[in-house]
Amino acid sequence: MSFVVPNTLKGFGVTLKQVFKKPITQQYPEYKRPVYPRYRGRHQLKRHENGLEKCVGCSLCAAACPADCIRVVPAENTADNRVSAGERYARIYEINMSRCIFCGYCELACPFDAIVLGNDFEISEYNRDDLIYTKDILLAEPIKKVPVADRDLYDTPIPYYKDHS
Ligand code: SF4
Ligand code: SF4
């Protein structure tokens, strides 16, 4: 019993100490914590500066995907319908985001930097079908802008749980 009171007081002391500390809770979604520069979020399909799509429908990304969530159906470019800079383009390009594990292998496998993983992490949906991203969705500029942390912090990230007081 004699140990209980000091230990209890010690416990209260720890609690009391926290009361006067600045809270580190961040109010999401009002505040979005910056992601690190190499964060792997929502995919984007890229275009060349002249507007042609970088993707040539080679399916290397689909072959590299361990979750088997990329579907590419290629078609030939023609003089009347040139979509990409190569011989072929992706007539259909889909990613099933509900299966994606954000490993980034698709980005690594692509010889033309056509598919990249961006910063957006707000990709939840109410409907499972909405998680199948079509080519139009992937080619569109992302609406949500997620802040990116200072690159200098990347190699020495400050853990979010660190005591900032
Ligand atoms: S990030 Fe990985 S799992 Fe997701 S589409 Fe690319 S290769 Fe597949
Ligand atoms: S995104 Fe890259 S790897 Fe995938 S089909 Fe297009 S060009 Fe090939």
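Predicted model: local features only at pLDDT ≥ 70, side-chain atom pairs only at ≥ 80, totals over all residues.

Reader: Fine. How many salt bridges does the count come to?

Author: The count comes to two salt bridges. In one of them the side chains of E53 and K135 meet, with 2.9 Å from N to O. E53 lies in the loop between β1 (43-45) and α2 (60-64) while K135 lies in helix α4 (residues 135-139), so this pair ties together parts that are 82 residues apart in sequence.

Reader: Is E53 buried or exposed?

Author: E53 is buried, with a relative accessible area of 7%, and K135 is buried as well, at 13%.

Reader: And which side chain does E94 meet in a salt bridge?

Author: The side chain of E94 meets that of R71, at 3.3 Å from N to O. This pair links distant parts of the chain, with E94 in strand β3 (residues 88-96) and R71 in strand β2 (residues 70-76), 23 residues apart. E94 counts as partly exposed at 22% relative accessibility, and R71 also counts as partly exposed, at 41%.

Reader: Switching topic, which residues come nearest to ligand 1?

Author: Of the 14 residues around ligand 1, the nearest are C65, C100, C103, G104 and C106. Sorted by class, the shell around this ligand has 12 nonpolar residues, two polar ones and no charged ones.

Reader: Last one: which residues make the nonpolar surface patch?

Author: V5, L9 and F12 make that patch, which covers about 330 Å². F12 sits in helix α1 (residues 4-19) and is exposed, with a relative accessible area of 56%.

Terms used
Residues numbered from 1 in each chain as written. Chains lettered and ligands numbered in written order. Heavy atoms only, no water. Patch = residues over 30% accessible without salt bridge, like charges linked within 9 Å, V, L, I, M, F, W, Y side chains within 5 Å. Areas by Shrake-Rupley, 256 points an atom, 1.4 Å probe, with all protein chains shown as cover. Salt bridge = Lys/Arg side-chain N within 4 Å of Asp/Glu carboxyl O. Helix = DSSP H or I, 4+ residues; strand = E, 2+ residues; numbered from the N terminus. Buried < 20%, exposed > 50% of the residue type's maximum accessible area, 1.4 Å probe, protein only. Near = heavy atom within 4 Å. Nonpolar A, V, L, I, M, F, W, Y, C, P; charged D, E, K, R; others polar.
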